[in-house]
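Colleague: Could we go through this model together?

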Amino acid sequence: MIFLIAVASYLIGSISFAVVVSRAMGLDDPRSYGSGNPGATNVLRTGSKKAAILTLIGDAFKGWLPVWIVVKYGVSFGLDPVQHNTAIALSAIAVFLGHLYPIFFRFQGGKGVATAAGVLFAIHPALGLATLLTWIIIAFFFRYSSLAALVAGFFAPFFDVFLFGPNRISLAVLAMSVLLIWRHRANISKLLAEKESRIGDKKKGRRA
């Protein structure tokens with residue numbers, strides 16, 4: 001059962017809404033311009049706020065859905081408390097990995113910010129809200145989506161342990177945080193070099 005939950009979560013995570021929405025709206029493939037990242041921030045560089053919002057909602061929803069189902073109905077599936085926590089943790093990691101390395105898109109995925117937010121809200125609304133508020137505060141004052149994601153991702157495991165104490169789900173949140181920061185390593189270099197794009201910047205042509 002837990003294996004099936006992990007596989008289903010990964011497949012759901014592999015749906016890249018940045019690509020799907022862009023194709024549906026006749027926009028360029030988000031992997032071909034700007035940062036090359038198939039995420040809401042890069043889609044916004046097309047100038048289409050609608051496409052960016054739909055991408056954000058889709059990526060967050062796919063992170064939320066499988067984890068919420070396990071949180072809500074795991075006991076009904078016959079899982080004992082230990083198995084339930086394990087299933088939640090594996091679902092969270094699997095859907096996140098699906099976004100980062102989607103099987104449907106040649107394993108070329110996004111950086112996981114919106115999907116991670118959906119996962120955290122599914123684990124517990126308080127955890128999601130604390131992390132989201134951190135992102136909003138940093139993004140508002142500095143206008144760097146990547147910096148906001150890095151700071152929010154860094155603090156998410158601390159929020160989880162503070163709110164609920166250490167457990168198997170905490171390890172999943174920590175793993176997601178490490179992966180998110182790793183996926184932003186190029187952004188860290190750009191931030192240090194003061195070359196990172198700010199929120200709302202238009203795309204600057206296709207990548208080679």
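Predicted model: local features only at pLDDT ≥ 70, side-chain atom pairs only at ≥ 80, totals over all residues.

Colleague: What radius of gyration does the chain have?

Modeller: The chain has 17 Å, which agrees with the value near 17 Å for a compact globule of 208 residues. That radius is taken over C-alpha atoms, and the globule rule is 2.2 Å times the number of residues to the power 0.38. Along the principal axes, the C-alpha atoms fill a box of roughly 50 × 35 × 25 Å.

Colleague: What share of the residues is buried?

Modeller: Buried residues make up 45% of the 208. Buried means under 20% relative accessible area, with a 1.4 Å probe and protein chains only.

Colleague: Which residues of α2 are buried, and what do they pack against?

Modeller: In helix α2 (residues 17-24), A18, V19, V21 and S22 are buried. The buried residues of α2 pack against α3 (40-44) and α4. Just after α2, G26 takes a positive phi of about 70°.

Colleague: Changing topic, how do α1 and α4 cross?

Modeller: The axes of helix α1 (residues 2-13) and helix α4 (residues 49-73) come within 9 Å and cross at roughly 160°. That makes α1 roughly antiparallel to α4, a term for angles over 145 degrees. Axes are lines fitted to C-alpha atoms, for helices over the stretch in contact, and angles run from 0 to 180 degrees between N-to-C directions.

Colleague: Which residues meet there?

Modeller: From α1, I5, S9, I12 and G13 meet K62, P66 and V70 in α4. Contact means heavy atoms within 4.5 Å.

Colleague: And α5 with α9: are they parallel or antiparallel?

Modeller: The axes of helix α5 (residues 81-100) and helix α9 (residues 168-183) come within 8 Å and cross at roughly 10°. The two helices α5 and α9 are therefore roughly parallel to each other, the term for angles under 35 degrees. Among the residues making the contact are I88, F96 and L97 of α5 and A172, M176 and L180 of α9.

Conventions. Residues numbered from 1 in each chain as written. Heavy atoms only, no water. Helix = DSSP H or I, 4+ residues; strand = E, 2+ residues; numbered from the N terminus. Parallel < 35°, antiparallel > 145°, perpendicular 65-115°, else oblique. Buried < 20%, exposed > 50% of the residue type's maximum accessible area, 1.4 Å probe, protein only.
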